[in-house]
Amino acid sequence: MTHYPGDATPPAPVRVLAINPNTNPTVTQRVREVLQAQAPPGVIIEAESPHQGPRAVENGQDKTRAAGHVMALIESRMAQGYAGYILACFDDIAVAEARALTGAPVISLAEAGIRRADATGGPFTVITTFEGAVATIESLCECYGVKERCRVVATGIGVSETAARTTLAETRLASLCEGARAEGARAIVLGSGAFAGRGAQLARRHGLPVMDGFAEALAFVLRQAEPLRARST
C-alpha cells in the first residue's frame, strides 16, 4: 500500500482526450498507441473518434461534417474533467470552437507540428497525403506566420492507404522525405494523423528532424493545463 506524507491525498491523474475527426478505427487506434506511449507518469490518454462522420476528411464537405460530430463528442465528454484536448488531424477542424466551449487547452497536430518545425530556425517541409490538403495546410501556415519558411507537398495517396502503409504510399513518402532533405529543409512535418508514430523512424532514416505533431501537441496541452490545474486546487 502506498503512503503519502501526512496522509495527503495522492494527486489526481491528468486526463487528456485526443480526438480523431474521422471514423477510421485504424487511425484512432494508432493515435491512442502513440500518445499513450509518450505520456509521462500520471497522465492518462484517451483517444476517441465520433460515432458518425466521414471515414476520411478529404474535402470541405467532409470537414464540415466532421467538425459538427467532433463538437458533439466534446460536449458529451466535457463533464469528465479533461485537462485538455488534442485534435488528431492536420487541419483546424473544430479547434477554435472547442477552445471557446471548453476553456481548456486545445491544439491540433497541425499547429503543434508546424510551430515546432519553425522553431528549428530554417525552412521546413510539410508532407501530407492527398493533393487537396495542400492548399489547406498552406493557409494554416499563413495563419501561423510561417508561410515563407514552409513548403507543402503531397504524396497523392489517401488517408486510408497511408494509414495502411501500402507499398505505393511508403515509396512516395520516402521519395518526398529525400526530396525535402535535398532541397535544404531543416525539418519535416508529417501532415496527417495517418502518419502517427512515424517521426522517429523517418528521422533516423533521412537524417533530419521529422515530427508528426503528437509529442508537440501533448507537451503543449500539459504545459498550458498546469496553471489552470494549480488555480483550481
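Trainee: Leaving aside neighbours within four places in sequence, which residues is Ile-86 in contact with?

Mentor: In this predicted model, Ile-86 is in contact with Val-16, Leu-17, Ala-18, Ile-19, Leu-35, Ile-107, Leu-109, Ala-217, Leu-218 and Val-221. Each of them has heavy atoms within 4.5 Å of Ile-86, and that is what the word contact asks for.

Trainee: Which residues touch the most other members of the largest nonpolar core?

Mentor: They are Ile-86, Ile-114, Phe-124 and Val-126, in a core of 48 residues. Helix H9, residues 214-232, gives the largest share of this core, six residues. Another core lies apart from it and has 19 residues, among them Met-71, Tyr-82, Leu-87 and Cys-89.

Trainee: Why is the pair of Glu-46 and Arg-15 called a salt bridge?

Mentor: The N to O distance between their side chains is 2.5 Å. The cut-off is 4 Å, so the pair qualifies as a salt bridge. Side chains of opposite charge can pair when their charged atoms come close.

Trainee: What makes the parts of the chain linked by this pair distant?

Mentor: Glu-46 is in strand E2, residues 43-48, and Arg-15 is in strand E1, residues 14-19; the two residues are 31 apart.

Trainee: Which residue forms a salt bridge with Glu-46 at 2.9 Å?

Mentor: That residue is Arg-77, and 2.9 Å separates the closest N and O atoms. This value is also within 4 Å, so the name salt bridge holds here too. Arg-77 lies in helix H2, residues 60-77, and Glu-46 in strand E2, so the pair ties together parts 31 residues apart in sequence.

Trainee: How do you know whether Glu-46 is buried or exposed?

Mentor: Its relative accessible area is 17%. Buried means under 20%, so Glu-46 is buried. Arg-77 is buried as well.

Trainee: Which residues are linked with Glu-46 in a network of salt bridges?

Mentor: The network links Arg-15, Glu-46, Glu-48 and Arg-77. A search of the whole structure finds 12 salt bridges.

Trainee: What makes Arg-198 and Glu-170 a salt bridge?

Mentor: Their closest N and O atoms are 2.7 Å apart, against a limit of 4 Å, so the pair counts as a salt bridge. Arg-198 is in the loop between strand E7 (187-190) and helix H8 (199-206), while Glu-170 is in helix H7, residues 167-182; they are 28 residues apart.

Trainee: Why is Glu-170 called partly exposed?

Mentor: Its relative accessibility is 24%. Buried is under 20% and exposed is over 50%, so 24% falls in between. Arg-198 has a relative accessible area of 2%, under 20%, and is therefore buried.

Trainee: What makes the buried residues of H8 line one face of the helix?

Mentor: Gly-199, Leu-202 and His-206 are buried in H8. Seen down the axis of H8, its buried residues fall within an arc of 70°, so they line one face. What covers them includes H7, E7 and strand E8 (210-211).

Trainee: How do you know whether Leu-202 is buried or exposed?

Mentor: Its relative accessibility is 1%, under the 20% cut-off, so Leu-202 counts as buried. Beyond its neighbours within four places in sequence, Leu-202 is in contact with Leu-173, Leu-190, Gly-207 and Val-210.

Trainee: What is the order of the four strands in the open sheet?

Mentor: The order is E6-E5-E7-E8, and the pairing is parallel. Strand E6 (150-154) and E8 stand at the edges.

Trainee: Why is one side of each edge strand left without a neighbour in the sheet?

Mentor: E6 and E8 each have a single partner strand, so one side of each stays without a neighbour.

Trainee: How do you know that E5 and E7 pair?

Mentor: Strand E5, residues 124-128, and E7 share four bridges in the parallel sense. At least two bridges are needed, so the two strands count as paired. Phe-124 has Ala-187 of E7 as its bridge partner. H7 packs on the sheet, touching E5, E6 and E7, and its direction makes about 170° with that of E5.

Trainee: What makes Thr-155 buried?

Mentor: Its relative accessible area is 5%, which is under 20%, so Thr-155 is buried. Thr-155 is in the loop between E6 and helix H6 (159-164). Leaving aside neighbours within four places in sequence, its contacts are Ile-127, Thr-128, Thr-129, Arg-172, Leu-173 and Leu-176.

Conventions
Residues numbered from 1 in each chain as written. Predicted model: local features only at pLDDT ≥ 70, side-chain atom pairs only at ≥ 80, totals over all residues. Heavy atoms only, no water. Buried < 20%, exposed > 50% of the residue type's maximum accessible area, 1.4 Å probe, protein only. Arc of directions from axis to C-beta. Axes fitted to C-alpha atoms, helices over the stretch in contact; angles between N-to-C directions. Core = buried A, V, L, I, M, F, W, Y, C linked by side-chain atoms within 4.5 Å.
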